[in-house]
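Colleague: I have a few questions about the terms you use for this model. Could you take me through them?

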Amino acid sequence: MNRFLIFFAAFLMFLGLSFQSRVAAGVIKIGAINPLTGKLAKHGIEIDEGIQIAIDEFNEQNGNSGMVVELERRDDHSAPDVAMNQAEQLILKEKVVALIGGYVDSLVGPVSVVAKRNRVPYVASASLQSRLTQGKNPYFFRVSCMNGVTQPVIEFLLKWKNLRKVAILHASTPGASEFARTVEKKLRVSGVDVVVEEKARAGQPDFSPFLLKCKARGAEFIISAVFFADHLVLVRQMREMEIPVKGYIGPWGVAYESFIKEMKNMAEGLYGLTAWLPGFAYPGTEEESRRFVELYKKKFGRIPTSTSMHGYVSARVVLEAVRKAFEQGGVFSGPDLANFIRKTKLLTPMGSVEFDEKGDPRWYKQMVVQIRRGKIVPVHHEHSDAEN
Amino acid sequence: MEQFVQLFIQSFSLGSFYILLALGFALVFSVTHILNLAHGELIILAGYVAYVLEQKLSMGLWETLPIAIAISVVSLMVVVSFVLHQRRLSELHSLIITFGIALILQNCYLGAFSANYRIIFHKSRYFSLLGGHVFISSVQLYLITLSLGAIGGLYILFRKTFIGKALRATIQDRFAAQMAGIPIPRMQLLGMVLGGIAIGIAGPLYARVSYLHPAAGIEPTIEAIILTLFAGMGRIRILLAGGWLLGVAETTTAYFLGSQWREFVSAMVLVVILIFREARSRENSV
Amino acid sequence: MKQEVAKATLGVVLIIGLSLLFMWKFQGREDVISVIAMAFLFASVAFAWNIHALSGVVSLGHAAFFGLGAYGSALFAYYFKVGSWIILLVGGTIALGCAVVWHLFFEQLRGGAYTLATFAAAEIVRVVVDNWDSLTMGSSGLTNIVVLFSGTSEFYLVTMVLVIIAFLIHWAALKTCWGLQLRTVREDELAAYAIGVNPPRVRMVSLFVSAFITGLCGAIFVHRVTYLEPSMVFNLHISAMPLVFSFLGGRFTTMGPLIGAFLLYSVDQILLSPFLPSTHQAVYGFAIVITVSFMPNGICAWLARIPQNASG
């Protein structure tokens with residue numbers, strides 16, 4: 001009998017702890033769901049940290065007006081059901097007025113479903129797959145989109161003199177697959193021959209068969225749509241086997257200080273993509289960019305990355321809308337906030353942020369960068385004249 | 001032609017890599033019947049130790065190996081002793097407990113080393129063969145020689161020494177061994193030491209071949225489980241064959257069919273061999 | 001036997017009663033209801049897995065059934081534009097088809113070989129689904145899948161019914177004549193042959209039932225989440241989860257898998273994650289270690305004080 005009593009007591013405790021938490025007056029809560037543990041933790045944490053800085057900065061600047069924004073952070077375990085559960089909990093228990101975050105499209109999708117069902121706006125920080133904005137969800141927005149990643153790469157490659165043969169490798173995720181498909185099509189149409197096109201599961205210890213094929217078929221350029229960890233292995237093997245390519249571009253995972261730190265001189269000459277770099281902010285936002293870097297370094301002891309900036313910008317979008325709602329009476333209903341977000345016109349270090357009817361960003365475009373002597377340098381940038 | 005030789009070298013170094021990853025797991029499983037799901041995490045721990053030593057004290061591979069081995073032996077002993085201490089023990093129990101331990105370790109690594117990916121940058125020397133068209137790097141040579149050496153060492157231990165014989169007896173039939181007077185706890189200790197050595201060798205190499213990350217332990221664990229279940233308990237030489245077979249299957253598939261078919265072919269090969277082996281043993285026993 | 005039937009009925013009544021109590025108590029807290037509904041779903045998978053495990057083998061490939069159920073249902077709805085619940089059965093049937101293939105090839109295998117073969121089989125299915133772009137959309141996955149359960153309450157009731165069905169079949173696999181057959185096959189195959197039980201047939205039935213239910217769960221899952229890609233359903237986590245839940249709850253108890261799923265899944269979602277966004281993993285692992293150490297036969301067995309040396 002005692003055992004049942006213990007069990008029952010634990011059960012009651014469980015019930016009790018699931019109760020609603022009190023929301024102090026004047027406090028506005030925002031929820032962030034990111035992969036904080038597991039394989040995607042590196043980037044999930046970066047996004048989470050960028051969001052935190054935005055919230056801290058906002059509270060500092062608006063302390064006098066009586067607006068206090070509180071951030072509720074959650075881990076999505078890289079599982080869609082968990083992401084949905086956490087999203088619902090944030091909305092119904094913590095009463096957040098908006099959701100931010102997300103690194104993987106297969107998790108952003110389910111969260112957007114929850115957002116739509118509960119009529120709470122969701123601004124995704126790092127979503128790319130085109131299909132996510134085709135479901136007519138008036139509560140879904142994102143600060144990144146596929147075009148902003150494929151266009152710069154295609155433009156860069158087509159500007160390359162006499163490029164005839166390329167090889168494409170992509171991870172088996174929806175975003176990477178769409179990227180590879182889009183780039184391949186555009187290249188073929190422009191007369192470039194894609195001699196190797198392969199898909200690889202993330203986490204492989206060996207890419208040598210792919211590299212040997214690149215060598216055998218004379219690929220001049222490798223487009224590698226894989227993630228940070230895979231670049232570490234792939235580039236290392238490429239250097240070891242002395243695969244004769246003129247260039248290597250990794251849209252994700254290359255343009256990071258930590259990548260250069262680990263790869264040392266093997267990273268020399270690699271191309272990557274980034275939406276922002278410390279020191280290379282969108283014209284007119286240098287001050288904000290500098291402040292972001294400073295606050296980030298003070299709080300986390302590291303330099304922020306482009307991924308952190310995505311988190312920061314997505315949070316800024318929501319915070320702007322919250323500020324406007326506060327000024328106009330302090331009613332933070334879902335539909336109203338969503339309308340404010342839709343009318344966003346914000347200048348950020350990552351560029352100008354405006355949304356179209358589907359929730360995609362109008363002006364999102366990453367820039368091609370290259371690692372030169374241990375530093376990340378922009379190569380193909382609309383705003384500067386730093387040409388290759 | 002050179003491509004084939006290069007592929008051959010890649011296959012064997014990959015296979016050797018898998019063997020080194022699996023060896024510790026197979027040894028522990030054979031001697032103690034424990035399925036150590038925290039195996040990968042222990043390899044990662046050895047890798048992190050080697051990484052820190054390399055960063056802070058600029059120690060090379062051979063200098064870090066003894067320390068990595070020592071730490072792996074100790075950590076493995078802690079884990080295995082804890083599991084052996086349980087009131088009721090079956091293979092599934094050990095599976096679940098070590099699963100829980102693996103989760104704890106993962107979170108600890110996240111706290112201690114952050115979520116950044118780390119590798120040990122190894123200045124490989126390259127040896128060219130066949131007139132400069134085929135390369136083998138020093139890391140690949142280490143993988144092949146260390147795996148051969150480890151298997152060879154175990155073979156000598158098992159076949160030529162008395163203590164190896166006692167160990168073999170423990171693996172084959174624990175109760176009979178006990179009746180023959182073999183001290184089982186001491187044999188288990190020996191198994192842990194050997195397993196720890198294998199893990200300690202695998203860790204620093206893992207950091208050079210792949211990457212270190214708090215959640216990276218699952219991959220080596222899966223490889224270890226695949227090879228160990230394939231080889232069966234205590235059949236170390238089959239482990240060797242299995243590892244090379246997988247290395248060859250995966251590499252040639254990736255080259256001729258594409259990287260996306262890698263796991264398909266290796267899984268098919270495994271299944272086919274498992275079915276054939278079973279069919280053959282049934283024929284023999286009937 | 002009558003006592004067992006009474007206990008089973010009590011079990012069903014308890015599940016229904018508590019479920020309705022939760023629904024009433026947590027009105028307006030749909031997040032808790034969602035979590036419990038998902039726990040019911042995974043509990044059903046755990047029940048299904050255990051039905052197969054009761055025949056004496058450990059499968060690490062149930063993700064194949066789950067995923068095929070999800071893909072079967074979602075693709076059927078996509079290609080034939082059907083939006084009714086019949087597609088769930090399609091999912092279950094496709095999973096069943098896979099089980100038929102398993103039975104043909106893996107029937108002779110035992111122990112570690114069987115476990116490895118099931119794991120490999122799940123990988124094979126995953127790669128095929130991942131690469132067959134023209135049929136399954138490959139790595140891109142499916143988006144905006146037909147929503148079958150528009151409201152959380154609807155989803156909750158569906159999973160409640162599902163878990164009750166799974167519970168009853170699981171109960172049968174433990175306490176009825178079929179259960180005795182399974183037990184005989186599990187403990188001593190040769191003796192089973194001797195007393196006239198047909199082990200291959202018994203194993204086959206348990207596999208088929210297990211696969212169908214798991215496929216059904218996969219289908220229900222995907223129509224709730226409405227997004228699908230291969231790595232979401234064909235992963236080791238889905239295969240390992242029913243094992244952990246059944247084990248922790250009690251592999252030879254009627255309620256075990258449900259308790260295991262309910263406690264591990266709900267507690268992590270509702271209690272741990274909100275308060276410990278970065279360290280919940282360690283606490284979860286710790287809870288597993290402690291539970292198995294102190295309750296080696298599972299929570300239900302501990303509660304019911306089933307002696308240490310009983311069954312298995």
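Modeller: Two strands count as paired if DSSP finds at least two bridges between them. Keep in mind that this is a predicted model.

Colleague: How do you know that β4(A) and β5(A) are paired?

Modeller: Pairing needs at least two bridges. β4 (residues 122-124) of chain A is joined to β5(A) by 3 bridges, and the two run parallel. In β5(A), Arg142(A) is the bridge partner of Ala124(A).

Colleague: Which strands pair with β6(A), and over how many bridges?

Modeller: β7 (residues 193-200) of chain A is joined to β6(A) by 7 bridges, running parallel. There, Ala171(A) has Ala200(A) as its bridge partner in β7(A). β8 (residues 221-225) of chain A pairs with β6(A) over 5 bridges, also in the parallel sense. In β8(A), Ile222(A) is the bridge partner of Ala167(A).

Colleague: Why is the unit of β6(A), α6(A) and β7(A) called right-handed?

Modeller: View it with the strands pointing away from you. A path from the first strand over the helix to the second that runs clockwise is right-handed. The β-α-β unit of β6(A), α6(A) and β7(A) is assigned that hand.

Colleague: What makes you call β6(A) mostly covered?

Modeller: A residue is buried if 20 or more other C-beta atoms lie within 10 Å of its own. In β6 (residues 165-171) of chain A, 6 of the 7 residues are buried.

Colleague: Why is α9(B) said to be largely enclosed?

Modeller: Because 12 of its 14 residues are buried. Among them are Glu219(B), Pro220(B), Ile225(B) and Phe230(B). The buried residues pack against α1, α2, α8, α10 and α11 of chain B, together with α5 (111-131) of chain C.

Colleague: How do you know that the span of α9(B) agrees with its length?

Modeller: At 1.5 Å a residue, the 14 residues of α9(B) should span 20 Å. The end C-alpha atoms are 20 Å apart, which agrees. After the helix comes Gly232(B), with a positive phi near 90°.

Colleague: What covers the buried residues of α14(C)?

Modeller: The cover includes β2 of chain A and α4 (91-113) of chain B. It also includes α12, α13 and α15 of chain C. The buried residues of α14(C) include His280(C), Tyr284(C) and Val292(C). The helix has 15 residues and reaches 21 Å, close to the 21 Å expected.

Colleague: How many residues do chains C and B bring to their contact?

Modeller: Chain C gives 29 residues and chain B gives 33. On the chain C side, the largest share, 12 residues, comes from α5(C). By class, that side has 19 nonpolar, 9 polar and 1 charged residues.

Colleague: And what makes up the contact of chains A and C?

Modeller: It takes 34 residues from chain A and 31 residues from chain C. α3(A) supplies the largest share of the chain A side, 9 residues. That side has 13 nonpolar, 11 polar and 10 charged residues.

Terms used: Residues are numbered from 1 along each chain as its sequence is written. Chains are lettered from A and ligands numbered from 1 in the order in which they are written. This is a predicted model: local features need pLDDT of at least 70, side-chain atom pairs count only at pLDDT 80 or more; totals for chains, interfaces and linings use all residues. Two residues are in contact if their C-beta atoms, placed from the backbone, lie within 7 Å. Helices (H or I, at least four residues) and strands (E, at least two) are DSSP runs, numbered from the N terminus. Ala, Val, Leu, Ile, Met, Phe, Trp, Tyr, Cys and Pro count as nonpolar, Asp, Glu, Lys and Arg as charged, and the others, Gly among them, as polar. The expected span of a helix is 1.5 Å times one less than its number of residues.
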